[in-house]
Amino acid sequence: MLLVGLTGNIASGKSTVARQLAAHGATLVDADVLARQAVRPGTPGLARIVARWGADVLAPDGVLDRGVLRARVFGDPRELEALNGIVHPEVGRLRDAAVAAARARGDAIVVCDIPLLFEKDLAGEFDAIVLVDAPRTVRLERLVHDRGLREPEAMAMLAAQMPAELKRARADYVIDNDGTRAELAARVDAVWEALQERSRRALP
Ligand code: ATP
């Protein structure tokens with residue numbers, strides 16, 4: 001099995017690339033899905049969140065309202081650290097379990113979408129790393145126009161990220177998402193070909 005880490009800064013196009021790799025046949029392990037699983041009703045993670053931030057972070061159906069929680073921790077590094085301390089270890093366990101299940105099934109190429117792959121020092125866990133990168137101006141535009149963030153907030157989010165140059169230097173494949181969706185799709189196809197080749201070579 002070829003274990004691939006997929007990463008990129010915010011609004012670079014990671015999810016779009018992840019969906020395309022999955023459509024080609026990769027097994028996708030998505031950090032966002034795992035983060036939701038980690039705090040689903042009945043989990044110790046959700047209980048700890050409610051104990052710290054109060055029951056009004058829950059929607060009427062008992063599911064975590066991520067928007068309300070985000071507003072509580074936004075801009076306060078200590079609160080954010082506390083939240084990450086609850087969620088991240090559980091996400092790591094869920095990821096390990098998903099990868100182990102894929103390995104047991106005999107899946108050929110498994111892609112883990114991990115926004116903070118380099119920041120969390122996880123590079124060594126993967127056979128290959130794919131970075132999606134887009135110019136800062138494009139990412140800012142997406143955050144403000146597609147997601148409705150205010151510009152100062154969006155700029156602060158971009159400034160808080162590890163510089164793309166450092167990530168580019170450490171990735172095995174860089175997908176530049178600075179053009180149209182069709183151009184992006186063609187670049188993803190090329191990387192998929194390369195991953196398949198690598199996976200075939202890795203066979204005993
Ligand atoms: P996040 O880090 O916030 O999860 P992401 O890196 O996963 O974001 P996507 O959600 O894939 O990024 O892309 C951000 C937005 O930009 C989406 O609305 C997506 O449809 C759009 N997008 C991505 N690539 C292109 C492109 N080449 N042309 C036009 N729109 C694009």
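Tutor: Val 87 sits in helix H5, which covers residues 77-105. Helices here are DSSP runs of H or I with at least four residues, strands are E runs of at least two, and both are numbered from the N terminus. Keep in mind that this is a predicted model: local features need pLDDT of at least 70, side-chain atom pairs count only at pLDDT 80 or more, and totals for chains, interfaces and linings use all residues. Residues are numbered from 1 along each chain as its sequence is written.

Who does Val 87 touch? Not counting residues up to four places away in sequence, Val 87 touches Ala 35, Ala 38, Val 39 and Gly 45. Being in contact means that the two C-beta atoms, placed from the backbone, lie within 7 Å.

Now zoom out to the helix pair. Helix H3 (residues 44-53) and H5 have axes that come within 10 Å and cross at roughly 175°. Those axes are lines fitted to C-alpha atoms, for helices over the stretch in contact, and angles run from 0 to 180 degrees between N-to-C directions. H3 and H5 are therefore roughly antiparallel to each other. On this scale, angles over 145 degrees are roughly antiparallel, under 35 roughly parallel, 65 to 115 roughly perpendicular, and the rest oblique.

Val 87 takes part in this contact: Gly 45, Arg 48, Ile 49 and Arg 52 from H3 meet Ala 82, Ile 86, Val 87 and Glu 90 from H5. By type, the residues of this contact are four nonpolar, one polar and three charged. Nonpolar covers Ala, Val, Leu, Ile, Met, Phe, Trp, Tyr, Cys and Pro; charged covers Asp, Glu, Lys and Arg; the others, Gly among them, are polar.

For contrast, let's visit two loop residues. Ala 11 is in the loop between E1 and H1, and Ala 11 is buried because it has 23 C-beta neighbours inside 10 Å. Asp 121 is in the loop between strand E3 (109-113) and strand E4 (128-133); Asp 121 is exposed, with 9 other C-beta atoms within 10 Å. Look at the backbone of each: phi is near 65° for Ala 11 and near 60° for Asp 121. Both are worth a second glance because most residues other than glycine have a negative phi.

One last stop is in that E1 to H1 loop. Gly 13 is found between strand E1 (2-8) and H1, and Gly 13 counts as buried because it has 23 C-beta neighbours inside 10 Å. Its contacts, leaving aside neighbours within four places in sequence, are Gly 8, Val 132, Ala 134, Asn 177 and Leu 184.

Conventions: A residue is buried if 20 or more other C-beta atoms lie within 10 Å of its own, exposed if 12 or fewer, and partly exposed in between; C-beta atoms are placed from the backbone.
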